[in-house]
Amino acid sequence: MPSPTIKARTITCPTCGRANKIPVAAEGAPRCGNCKSPLPWIVDADENEFAEVAEEATPLVVVDLWATWCGPCRMVSPALEQVATELAGKVKLVKVDIDRNPHLAQRFEVQAVPTLLILDKGEPVARRAGAAPAGTLRSWVEQVAAGRRDSERG
């Protein structure tokens with residue numbers, strides 16, 4: 001198993017306001033060092049670290065395949081970050097710039113941006129293209145998560 005990536009991102013805890021350094025890859029899900037609340041896990045990944053950052057993650061992973069020139073991508077990004085914050089501890093948001101990572105775009109057969117995927121233990125289990133409001137995206141993620149729980153019980 002590869003060693004954990006040393007890159008980290010600072011996230012402010014939505015509960016207590018404390019700044020926390022969150023690694024881009026780790027086991028489990030991040031919690032605030034101060035109040036122990038789940039933290040939103042929002043990271044960028046490239047082709048070299050995608051397997052470690054997204055495919056080896058334990059929570060559901062929402063992958064945002066986007067491009068800098070894409071207007072709908074810029075509109076959906078804050079909505080996805082809101083969903084990641086609301087579902088902190090349950091999902092990880094991984095953002096991938098397809099222009100800088102063409103092999104990932106090809107691998108996931110991206111034909112329109114934004115393309116959103118949900119990975120469960122590294123396997124794509126849901127996909128959608130285009131922008132949507134936060135409520136719609138949250139419902140989509142929650143439906144996939146509910147299906148995941150049902151299949152684990154089954």
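**Figure 1. Strand pairing around strand 5 in the predicted model.** Two strands are taken to pair if DSSP finds at least two bridges between them. In this predicted model, strand 3, residues 41–44, and strand 5 pair in the parallel sense, and four bridges are found between them. Within this pairing, Asp44 has Lys95 of strand 5 as its bridge partner. Strand 4, which covers residues 60–66, also runs parallel to strand 5, and the two are joined by seven bridges. Among the residues involved, Val63 has Val94 of strand 5 as its bridge partner, while the bridge partner of Leu65 in strand 5 is Val96. The chain passes from strand 4 to strand 5 by way of helix 2, residues 71–86, and this β-α-β crossover is right-handed.

**Figure 2. Burial of strand 5 on both of its faces.** Strand 5 spans residues 91–97, and because seven of its seven residues are buried, the strand is largely enclosed by the rest of the structure.

**Figure 3. Strand 4 and its antiparallel partner, strand 6.** Besides its parallel pairing with strand 5, strand 4 is joined by five bridges to strand 6, residues 115–120, and these two strands run antiparallel. In this pairing, Val62 stands opposite Ile118 of strand 6. Six of the seven residues of strand 4 are buried, and strand 4 is therefore largely enclosed by the rest of the structure.

Figure 4. When the whole structure is searched, one cavity of 30 Å³ or more is found, and the space in the largest cavity amounts to about 40 Å³. Its lining is made up of Val62, Leu80, Val83, Ala84, Val91, Leu93 and Val141. At least two lining residues come from each of helix 2 and strand 5, and helix 2 gives the most, with three residues. Sorted by class, the lining of the largest cavity holds seven nonpolar residues, with no polar and no charged ones.

Figure 5. One disulfide is counted in the model; it links Cys70 and Cys73, whose sulfur atoms lie 2.5 Å apart. The link of Cys70 and Cys73 is right-handed, with 85° about the S-S bond. Cys70 counts as buried because its relative accessibility is 3%, and Cys73, with a relative accessible area of 4%, is buried as well. Cys32, by contrast, is in no disulfide, the nearest cysteine sulfur being that of Cys16 at 3.6 Å. Cys32 counts as buried, since its relative accessibility is 1%. For Cys35, the closest cysteine sulfur belongs to Cys13 and is 3.7 Å away, which is too far for a bond, because a disulfide requires the two sulfur atoms to be within 2.5 Å. Cys35 has a relative accessibility of 30% and therefore counts as partly exposed.

Technical notes: Residues are numbered from 1 along each chain as its sequence is written. This is a predicted model: local features need pLDDT of at least 70, side-chain atom pairs count only at pLDDT 80 or more; totals for chains, interfaces and linings use all residues. Side-chain values use heavy atoms; hydrogens and water are left out. Buried means under 20% relative accessible area, exposed over 50%, partly exposed in between (1.4 Å probe, protein chains only). A crossover is right-handed if, with the strands pointing away from the viewer, the path from the first strand over the helix to the second runs clockwise. On a 1 Å grid over the protein atoms alone, a cavity is a set of points where a 1.4 Å probe fits but cannot get out, and a pocket is an open set with protein on both sides within 12 Å along at least five of seven lines; lining residues have an atom within 4 Å of a point. Grid points are joined across faces, edges and corners, and a volume is the space filled by probe spheres set on the points. Ala, Val, Leu, Ile, Met, Phe, Trp, Tyr, Cys and Pro count as nonpolar, Asp, Glu, Lys and Arg as charged, and the others, Gly among them, as polar.
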